[in-house]
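Please look at the sequence and the structure below before reading on.

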Amino acid sequence: MSVAAATGPVTVVSYHGSLSGNTCNYCQSTGGCSFYLQVKSLTVQHYQFLVDRGWRRSGHLLYKPHMKLTCCKQYTIRLNAKTFKPSRDQRQCLHKWTRYILGDEYIRDVAKKYPKSKEEKKKQKNEFDLSESVHAPDYPALQGHIPPEPAHKFEVTLELASFTEEKYAVFENYQRNVHKEEPEEISESGFTRFLCDSPLNPEITLAGKKLGSYHQCYRLDGRLIAVGVLDLLPNCVSGVYFIYHEDFEKWHMGKLSACREACLAKEGDYGYYYMGYYIHTCAKMRYKGEYGPSELLDPENNEWNELDKELKTLLDNNPYCSPSSTNNPGTGNTRAKELAGETDGKDEDDQDEEEDDGRQHSPGFVLKTKMPGVMTRQEINSFPVGQVRIKLGKTMARAGNLVGFNDKDGYLRKLLDETVAAVGPEVARDMIMSF
């Protein structure tokens, strides 16, 4: 039985499967392990569901780390934009940048021409306003205090993600000077694939809320100096990547951008600012915990827990930590012990999978190794997997009508069950799997 083609925004995914033994971007070992899907089209609501289950995207590739098997434990971290309290260091970065943009002469002249009342001075001294501090150097925000003119004209704009030569120039400089990549490793096609192309379907809500993939462009005196790559979702601003020119490294642009992106989440009514993954064992990723109060996603039950001293202590003692199951023996075991303890013994498939370490695993690996944060076998059995929409070339069908669906140990059924388990019921009900 065929099904009608979908109308309007839709999520279309293709199976990519589990990979282990791939090089980890954080510790450079070959201990990485994740489950992947290639995505042609993705609704913003579906991606919101996915990031709240530990997924991230790189261009059109979706991935979810296997938190028990991967070397560096990657916890989704989020910041409540309304309760965000910048640290003293973060506030100083904002103030120093503002002083540089405005200039001492402008600041003196404005203080004389537009003197503040005692109440305003008291408030400025005793209270910190995130929006006011973030926008203080923005040229449009100065219109009531011009003339005089500031030392520099600083503007930040938000535009749909797209390739331009000036953006690529900033990217090339950033990759070469910050990430120390060789020139031959950097390309326009790589930049486009990684930071411009997006599967998200852009939209603007009736309330004027922008959703989709955007570039937040920082310009100083007309020159593009930095770009924040963002996914704007129904309940969050998700930071994808941030690039800046080396000329401005001393201004701690990463801290400035984090504060501005949190401010966007607050002002745009997105609620939360997602900073990607927090890795407690990696100094380059651990800094995200300095923005607070933050929450980490529990890898087992997909619920949020405040990243407080207690949770940090748990992470100090065990890189893999699930607050919902801290009393569960075996949590945080080594990779070998987990695989041995969570399978029903060694059969030929087990040996084949171990021999395949470093390559792609057969469908069913996610469920067999009990990947944290996915649907259980019982939940899968209760889910109408047969109703999942399938696209075969130009033909649409339901999974239950495909040859081989009823063979629960067959390749097709394992592939479908694994994908449904990994994405969760909200996405699986409406997605289309393309073959």
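What follows describes selected contacts and pairings in this model, which is predicted.

## Helices α6 and α7

Helix α6, residues 165-177, and helix α7, residues 188-196, have axes that come within 10 Å and cross at roughly 95°. Because angles of 65 to 115 degrees count as roughly perpendicular, α6 is described as roughly perpendicular to α7.

On the side of α6, the residues in this contact are Glu165, Lys167, Tyr168 and Phe171, and they meet Glu188, Phe191 and Leu195 in α7. Sorted by class, the contact of α6 with α7 has four nonpolar and three charged residues, with no polar ones.

Strands of a sheet pair through backbone hydrogen bonds, either parallel or antiparallel. In this model seven strands form an open sheet with mixed pairing, and their order is β3-β4-β2-β1-β16-β14-β15. At the edges lie β3 (56-58) and β15 (395-398), each of which pairs on one side only. On average, and with direction ignored, neighbouring strands of this sheet are turned by 35° against each other.

Within the sheet, strand β14 (residues 389-392) pairs with strand β16 (residues 432-434) in the parallel sense, over three bridges. For Ile390, the bridge partner in β16 is Met433.

## A helix across the sheet

Definitions and conventions:
Residues are numbered from 1 along each chain as its sequence is written. This is a predicted model: local features need pLDDT of at least 70, side-chain atom pairs count only at pLDDT 80 or more; totals for chains, interfaces and linings use all residues. Side-chain values use heavy atoms; hydrogens and water are left out. Axes are lines fitted to C-alpha atoms, for helices over the stretch in contact, and angles run from 0 to 180 degrees between N-to-C directions. Helices (H or I, at least four residues) and strands (E, at least two) are DSSP runs, numbered from the N terminus. Angles under 35 degrees count as roughly parallel, over 145 as roughly antiparallel, 65 to 115 as roughly perpendicular and the rest as oblique. Contact means heavy atoms within 4.5 Å. Ala, Val, Leu, Ile, Met, Phe, Trp, Tyr, Cys and Pro count as nonpolar, Asp, Glu, Lys and Arg as charged, and the others, Gly among them, as polar. Two strands pair if DSSP finds at least two bridges between them.
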